[in-house]
Amino acid sequence: MEDKNFGILTSIDWNSNFWKALPTKEDLQNSKFGYVEEYSITHTYLNFGHNEFASDIDGYFFGLLPQLWSKTPQSKNIRVIFVKSQNWRDKKIYIVGLYLFPILERKLLPPEISGATTREVNIKALVKDIHLLKNFIELSPTNEKKFLPKGKELGKQGFNYLTRENVLNIFDEMTKLSPNDKKLSSIKFRFLKYLKT
């Protein structure tokens, strides 16, 4: 199986309410995302609200990955998208969650929360394949080398493609930090099972 462009690592703005509710005023004020800075709103606030809010009739839940809005990944091999975010309080970047077997689909959704605007979304996955980590992975110079293709650095304005080896290394680190996370184990199992097909 081809390694190239097997997964993606992409960014979203920080949400102190863990992307299950609207971000705080401080989150919006400290965002480095141009759209959020300009309009003081974000559309990523429910990216991991899949357990609190309804999925569609087919069992899919939608989120927004801003870096994939204007640039569509040019690969048919993408099977997992890892989501990172910079905590403005400690300035550190963390992998916070993932979408397994994602489907890119742009649409508008009505506001699910009072006071929110219409939500722009561009990714969906089955609820069982979306996961917010119990223990975030800090991206450090040491583990970046394992998590990114050789010679690549974290994308500042765009996303990073990941090889199969990178994806497996990230999953292994997730398991190491959260060995009792049953949903993570289930997602990792389905991913490994896919590799054998």
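Me: In which sense do β4 and β7 pair, and over how many bridges?
Reply: Happy to start there. Strands of a sheet pair through backbone hydrogen bonds, either parallel or antiparallel. Here β4 and β7 pair in the antiparallel sense over 5 bridges; two strands count as paired if DSSP finds at least two bridges between them. Strands are DSSP runs (E, at least two residues) and helices are runs of H or I of at least four, numbered from the N terminus. One example is I95, which stands opposite I137 in β7. Before we go on, this is a predicted model: local features need pLDDT of at least 70, side-chain atom pairs count only at pLDDT 80 or more, and totals for chains, interfaces and linings use all residues. Residues are numbered from 1 along each chain as its sequence is written, and side-chain values use heavy atoms, leaving out hydrogens and water.

Me: What is the strand order in the open sheet of 5 strands?
Reply: The order is β7-β4-β3-β1-β8, with mixed pairing. At the edges are β7 and β8 (160–162), each pairing on one side only.

Me: Which strands does α4 lie across?
Reply: Helix α4 lies across β1 (7–11), β3, β4, β7 and β8, and runs at about 80 degrees to β7. Axes are lines fitted to C-alpha atoms, for helices over the stretch in contact, and angles run from 0 to 180 degrees between N-to-C directions. Contact means heavy atoms within 4.5 Å.

Me: Which residues of α5 are buried?
Reply: Buried means under 20% relative accessible area, exposed over 50%, and partly exposed in between (1.4 Å probe, protein chains only). In α5, the buried residues are L184, I187, K188, R190, F191 and L195. They cover an arc of only 160 degrees around the axis, which puts them on the same side of α5; the arc is that of the directions from the helix axis to the C-beta atoms. On the other side of α5, K182, F189 and K193 are exposed.

Me: What do the buried residues of α5 pack against?
Reply: Their partners are β3 (80–86), β4 (93–100), β7 (130–138) and α4 (164–177).

Me: Is S85 buried or exposed?
Reply: S85, in strand β3, is buried, with a relative accessible area of 2%. A polar atom of the S85 side chain lies 2.9 Å from the backbone oxygen of I12. A polar contact is a pair of N or O atoms within 3.5 Å; within protein, one must be able to donate a hydrogen and the other to accept it, and residues adjacent in sequence count only if both atoms are side-chain atoms.
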